[in-house]
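Here's a friendly walk through one structure, sheet by sheet and helix by helix. Have a look at it first, and then we'll start with one pair of residues.

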Amino acid sequence: MNGDRRRFLRQGGFVGLGLAGRNLTPERDRASGQASPGGSGQAATETPAPRWPRFNMAGFAAPPLDKVRIGIVGLGQRGPGHLKTVARVEGVEIRGLCDLRPEKVEAAQKLLAGSAHHPESFTGEEGWKRLCEREDVDLVMITTPWTMHAAMAVYAMNHGKHVASEVPAASTLEECWQLVATAEQTRRHCMMLENYSYGAFPLLTLNMARRGFFGEVVHADCAYNTSKMRNNFDRNMYWDMWWLKQYASRRGNIYPTHGLGPVSQVMGINRGDRFELLVSVESRDFMMAAKAKELAATDDFFEPFAAKTFRGNMSVTTIRTARGRTIMLQHDATSPSPHNLIHGIYGTKGAALFDPPPPRLSVGNDTWVSPEEFAALEKEHTPKITELVSELARKIGAGHWGTDLFIDWRLVDCLRNGIPLDQDVYDAAVLSSIVPLSQWSVLNRSNSIDVPDFTNGAWERNPSNMDIMLERGGTTRVIV
């Protein structure tokens, strides 16, 4: 095992593919003849080769559920938002609420006062396990700090539950493979709650791409750039300062999915194309260490952070796909930048760009279309899901520009109708894998590294997901 490989195993958090007794043993790479110990080493010579009875979860539909009985784990930042939204969806019964802190569970219970929901409360270190073990829960929504997501998801699936996990769904390659293996073996859904894929403009461009408006899509730009300095250094914002600790212990893109999820849908990733390799470059930290030292000078609470080396301001990752297309992905949560997803789509016949506003479209020349032509194109290509849900989201005040209702409603609607989910475990795994892979690249002088094929070659024939025209389902109501 060479030095770079050892360093990736140590620094990237990848500790081998032992899956609690499941057989995920490595085999030899047929192309190179070299050992391939699990999918995270030298890009040119090592590929993942897990062994278990494979079952393709793309297009998988579980038996329909008349009532979707839900337990929510994690009630700090995202949990209450999902609770308020999903409680308004027809056919939902909230059966359990869990958080390490009793006061958070109590506050969440108050949000349901006067409703038809009367969930049991779970607290303490093992509370989440007790919730997952309940017989009267069909779906576990996981909204804890993201280093906990994979372990909780695996436990829930092994206890017969479908899983909806906040982003990212995993923090190491081992965890990505664990999610895939467990979903395939238990035949339980494992969906990552990538709500930005349901933004109005991403849905518009997805429909336009499927209709051929852009021709062949050749490149995409995407990002999650927005200043989180105030949040990350706020002693009362995140439990145990967990986000600040991530910035002090990781490199690369540690929050890739909000930008990458929507453009991956446009490109049909895992369904006609896949991520092949990436390279990642990171600036130095210009702000976070200085802020930690400034705060530590007057507040002993921040002394442990004053000596830390923080992730750089800007992470830039370039991904090449199997079909030869490219994606530029950025993440900067430090610099004083307004919220920016970029969402640029570039094809042989047209282009689109979302941020900075206003959103724009091009029809194959060197200018953007006029506002009047944009409005006409928007009207022509807005998908049915946007027409159905956007006004409901506005009326109930759903978070993240209404996308929280889109994703929670559609998840329940699919489960109630017994149809495939819009996003599956392979989406969760490959989008989450950018976290450890980009770190490996940064720590290895921005060398390239292969992205594992979590679909086992099925990406070439998998059906498309994100049924944005609601050809199936779309029957579940929202209580306004």
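Let's begin with Gly96, whose bridge partner in strand 5 is Glu120. That pair belongs to the link between strand 4 (residues 92–98) and strand 5, which run in the parallel sense over three bridges. A word on terms: two strands count as paired if DSSP finds at least two bridges between them. Helices (H or I, at least four residues) and strands (E, at least two) are DSSP runs, numbered from the N terminus.

Before going further, keep in mind that this is a predicted model, where local features need pLDDT of at least 70 and side-chain atom pairs count only at pLDDT 80 or more, while totals for chains, interfaces and linings use all residues. Residues are numbered from 1 along each chain as its sequence is written, and side-chain values use heavy atoms, with hydrogens and water left out.

| Strands | Sense | Bridges | A facing pair |
|---|---|---|---|
| strand 6 (residues 139–142) and strand 7 | parallel | four | Leu139 opposite His162 |
| strand 7 and strand 8 | parallel | three | Ala164 with Met191 |

Is strand 7 (residues 162–165) buried on its two sides, or exposed? Both of its faces are covered, with His162 and Ala164 buried on one side and Val163 and Ser165 buried on the other. Buried here means under 20% relative accessible area, against over 50% for exposed and in between for partly exposed (1.4 Å probe, protein chains only). In a regular strand the side chains alternate between the two faces of the sheet.

**Helices that link the strands**

Strand 6, helix 5 and strand 7 make a right-handed β-α-β unit, and strand 7, helix 6 and strand 8 make a right-handed one too. Right-handed means that, with the strands pointing away from the viewer, the path from the first strand over the helix to the second runs clockwise.

Helix 5 (residues 149–158) and helix 6 (residues 173–186) pack at about 10°, with axes 10 Å apart. The axes are lines fitted to C-alpha atoms, for helices over the stretch in contact, and angles run from 0 to 180 degrees between N-to-C directions. The two helices are therefore roughly parallel (the term covers angles under 35 degrees). Where they meet, helix 5 brings residues including Ala153 and Met157, and helix 6 brings others, among them Leu179 and Thr182.

**A buried helix**

Helix 7 (residues 200–210) has nine of its eleven residues buried, so it is largely enclosed by the rest of the structure. Among those buried are Phe201, Leu204 and Met208. Just after helix 7, Gly212 takes a positive phi of about 85°.

**The mixed sheet**

Further along comes an open sheet of eight strands in the order 15-14-13-9-12-11-10-16, and its pairing is mixed. Strand 15 (360–362) and strand 16 (449–450) are the edge strands. Inside this sheet, strand 9 (residues 217–225) and strand 13 (residues 344–347) run antiparallel, joined by four bridges. Val217 stands opposite Gly347 in strand 13.

Helix 10 (residues 257–267) packs on this sheet, touching strands that include strand 9 and strand 13, and its direction makes about 160° with that of strand 9. Touching, or contact, means heavy atoms within 4.5 Å.

Note on methods: Parallel < 35°, antiparallel > 145°, perpendicular 65-115°, else oblique.
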